[in-house]
Every structure is written in C-alpha cells, then in structure tokens.
Amino acid sequence: MQISTISFDGDMTLWDLWKVMRHSLKHTLAELQKQVPTQRVLELTVDEMIAIRNQFAEEVKGKIWNLEEIRRRAFERTLEYVGCPDKELAAHLNAIYRKHRFEDVELYPDVIPTFDVLAPQFKLGLLSNGNTYPERCGLEGYFAFVVFSQDVQIEKPDRRIFEITAQRAGCELGQMLHVGDSLENDVASARNAGAHSVWLNREGAPNDTSTQPNYEVASLTEIPTILGLDGK
C-alpha cells in the first residue's frame, strides 16, 4: 500500500460515545428531577431518554442534520413525554448535556500514543457521523482535515463522504487508510469507495458478515506496525 493519509472514525474508535452520553444524560436527568420533581419525572430513566432521542432522530432523518439541534429537540420531546412541555427548560437541559458531553470525553488510552507515532509520517484526519470536535477532546492539532456528516449532509456508509474526505485531504482514495469500529459504516463503505480499511475490533467480536477489512486490530497501537513503523 502507498498510504499517505489515515482517516479515523470518532465514536467508539477514539472515545467511548456511549459512556460519555450516558454520563451526560445522568447529569441532565438529575437537573430535570431537581427542577420538576413530579412522580413521572422521578420515574424517568436514561434509557427512556435515549429511546426518545433515537425515535426523534429517525423521524427527522434526512431533514435535520445538525446533531445538537436534534438533541435539543429531543429534550423538548422528553418534556412532553413526562407531561411538562417547556422549551426554555429543554434549552437549559441541553446546555447541561452539552457541557458534560463535550467536556467529559475521555480518549481511549491507545489514541495519543498511536497518533504521536503516525503524525510525523502520515496526514491524519477525522471522518465521523458524530459531532465531537477535536479541540473538545484533546486532539487539537493532530488532524489535517475533519469531515462531519452533519456538515456535508452525507453520512457513512455512503461512499460519497469518502470521496469528499479524499478531496479535502488532497489524496487519491487508494492512498487513504480508514480506521473504524463499524464493519458497515467504516470497513465496507471505505472499501466500496476504493480506500483501504482497518477494522478496530476492541472486544474481539466475531465477524459473521461477508465484509472483510484489509486489516483487523484490537488496539490502535497495532496500526504503526501495519504501516511499517515500529510503533515505539
């Protein structure tokens, strides 16, 4: 491979989205229960809040792309669900959620050591269906390009987002290696676009699909070796 550029997925590849999301929702729920201590609110769970958000996101798929707007409006929907519609309170809850969602992101421990090895040799970038900006999670200065689906209104696994990414990176798709945790969104779509792929399989999950990555790793620290670097 003549690789010049490496794009990384964000959620569940560089950080644990579900952990920080649930953590942030717990803080948000505690504030809601403090503000409106009704029985229905006191019985509300984080899982219900997640389900409400996911349902709303599905309803507006392809119509609303901005994830922060979706989250705010999901809080409005949540307040309607518990019988206390209040857009101002929803905005307040959204602010609390965002504070924890972005300030409390924790990178996986293999991220910085790997980036420090790769950055001098390759152009690194972020290609994500999410909305965690590098400067919000300790990765400022590492990425030469950042592509979010909400900005280009195309999301993985659509191959067109890889074409946009390669254009922004200034490379051919055949020179790009994409790293991610999803066989469908990261591996299959990268290969369909003509890029190389690394499946990050931290938990050792079985691959019972027909999708085959160029490489499979359990840790990002294995990537330098794949690329002919010693990783030290």
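Guide: The axes of helix 4 and helix 5 cross at roughly 130° and come within 9 Å; axes are lines fitted to C-alpha atoms, for helices over the stretch in contact, with angles from 0 to 180 degrees between N-to-C directions. Helix 4 is therefore oblique to helix 5, since angles under 35 degrees count as roughly parallel, over 145 as roughly antiparallel, 65 to 115 as roughly perpendicular and the rest as oblique. Helices here are DSSP runs (H or I, at least four residues), numbered from the N terminus. This is a predicted model, in which local features need pLDDT of at least 70 and side-chain atom pairs count only at pLDDT 80 or more, while totals for chains, interfaces and linings use all residues. Residues are numbered from 1 along each chain as its sequence is written, and side-chain values use heavy atoms, with hydrogens and water left out.

The crossing of helix 4 with helix 5 is right-handed, that is, the near helix is turned clockwise from the far one by less than a right angle. Helix 4 brings Glu 68, Arg 71, Arg 72, Phe 75, Glu 76 and Leu 79 to the contact, and helix 5 brings Lys 87, Leu 89, Ala 90, Leu 93, Asn 94, Tyr 97, Arg 98 and Phe 102; contact means heavy atoms within 4.5 Å. By class, these residues are 7 nonpolar, 1 polar and 6 charged, where Ala, Val, Leu, Ile, Met, Phe, Trp, Tyr, Cys and Pro count as nonpolar, Asp, Glu, Lys and Arg as charged, and the others, Gly among them, as polar.

Methods
Helices (H or I, at least four residues) and strands (E, at least two) are DSSP runs, numbered from the N terminus.
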